[in-house]
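Dear colleague,

I am passing on the structure below, and my notes on it follow directly after. Please read them with the model open beside you.

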Amino acid sequence: MSAGLSSVAVRGDASDPLSVRLFAEPMRARAPFERDRERIVQSRAFRRLAGKTQVFTSRESDHFRSRLTHTIEVVQIAREAASALELNDDLAETLALVHDIGHPPFGHAGERALDACLRQHGLSFDHNLHALRIVEHFEDRFAEHRGLNLTLGVREGIIKHSRDYSAEAYPALAEYFLGERPPIEAQLIDLADEIAYLTADLDDGVESGLLEMDSICEHIKIMGRHYASAVDRHPKAERKFLFHEALLGMQNELTDDLVRTTQESVLAAGITSLEGVRQHHQRLAVFSPAMEEQRMEEKRYLYDTLYTCETLELEHEKAETVVKTIFEFYMEDPERMPAGYLEDIAQEGLARTVADYIAGMTDSFILQQYWMAKSKTRR
């Protein structure tokens with residue numbers, strides 16, 4: 001962590017209320033958020049991110065991002081931004097590491113399918129809330145308690161880094177300062193995530209052959225500008241190197257804008273404390289209006305040309321079929337789930353328990369379960 005912290009930063013020392021854990025532990029030389037970082041990296045749920053889809057399924061190419069490699073890219077951006085703003089970069093890094101830990105297999109297609117299954121039972125699936133369940137319940141490593149026993153600051157950031165929850169709708173989350181903004185360290189994560197995937201999805205899209213460099217540079221102004229700059233600097237370089245230079249330039253410009261605009265927001269609001277951050281009427285970590293317009297231009301392009309293209313739509317349909325089939329299979333025959341999940345049915349209900357089991361699966365494991373289920377139903 002940076003030695004000199006801004007007045008709006010989370011302190012993160014032993015006396016900080018956000019460093020409190022559900023179960024008391026002996027003091028250690030390392031700071032509380034550093035210890036949380038280690039526990040997350042060593043968790044089974046974190047390791048399973050290597051086998052979960054980001055945009056393209058891992059079986060198509062070894063070079064496409066997985067949830068794990070995407071997470072690592074988010075960490076680099078979040079820590080850079082937090083350090084530049086003199087925030088608690090240990091907290092920012094830890095939240096970046098854990099931000100996608102609640103995602104089910106097959107990316108957003110799998111999440112939509114799992115949510116649709118649960119809604120038939122009056123429930124829903126939220127990957128942030130599921131991430132909290134993972135670190136509090138499903139990671140079972142300690143003799144004295146379930147869960148990773150993370151600090152309050154990290155648990156708050158897990159659920160609030162990308163959205164706010166109302167106390168009326170989520171009374172069970174009351175300890176997480178609902179109705180107040182999260183610290184800026186947590187606010188940065190959602191935008192670092194945006195920067196990472198906006199860069200990576202263009203890269204993977206070109207790698208897949210579904211996107212073309214010329215089209216990207218024509219329709220995304222920020223990329224066109226950085227590509228032209230790369231050509232000026234390296235007129236004889238191969239196009240793939242120029243494209244990489246443009247991607248890096250775009251990522252740096254987005255990150256610099258986030259840092260600068262967030263700093264300006266804090267100063268303009270006259271905020272000088274974490275309490276001021278919490279009580280402010282809106283989040284302070286933002287892009288400038290000009291950069292927000294460019295960000296939205298790229299998101300629309302990716303949605304129109306990549307996320308909804310025929311190739312990926314077919315993959316999404318397959319993913320939804322697999323998730324829904326497995327959900328129905330375990331609803332009809334829950335005894336096939338591991339014993340630990342069977343023990344949860346009495347308290348959580350069958351539908352939620354089945355969803356919890358599915359959400360923890362990797363792409364390859366759920367496909368194994370799918371073919372097993374298909375073979376059982378054919379008998």
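The expected span of a helix is 1.5 Å times one less than its number of residues, where helices are DSSP runs (H or I, at least four residues) numbered from the N terminus. This is a predicted model, in which local features need pLDDT of at least 70 and side-chain atom pairs count only at pLDDT 80 or more, while totals for chains, interfaces and linings use all residues. Residues are numbered from 1 along each chain as its sequence is written, and side-chain values use heavy atoms, with hydrogens and water left out.

For helix H10 (residues 221–233), the 13 residues should span 18 Å at 1.5 Å a residue, and the end C-alpha atoms are 19 Å apart, which agrees. Among its residues, Met 223, His 226 and Tyr 227 are buried (under 20% relative accessible area, 1.4 Å probe, protein chains only). The cover over the buried residues of H10 includes H8, helix H9 (213–219), helix H11 (239–269) and helix H13 (289–307).

Met 223 is also one of the residues with the most contacts inside the largest nonpolar core, which has 86 residues; such a core is a set of buried Ala, Val, Leu, Ile, Met, Phe, Trp, Tyr and Cys residues joined through side-chain atoms within 4.5 Å. Helix H8 (residues 184–208) supplies the largest share of this core, twelve residues. Apart from it lies another core, of 26 residues, including Phe 106 and Tyr 370.

Leaving aside neighbours within four places in sequence, Leu 188 is in contact with residues including Ala 81, Leu 258 and Ala 285, contact being heavy atoms within 4.5 Å.

With best wishes

How values were computed:
Buried means under 20% relative accessible area, exposed over 50%, partly exposed in between (1.4 Å probe, protein chains only). Helices (H or I, at least four residues) and strands (E, at least two) are DSSP runs, numbered from the N terminus.
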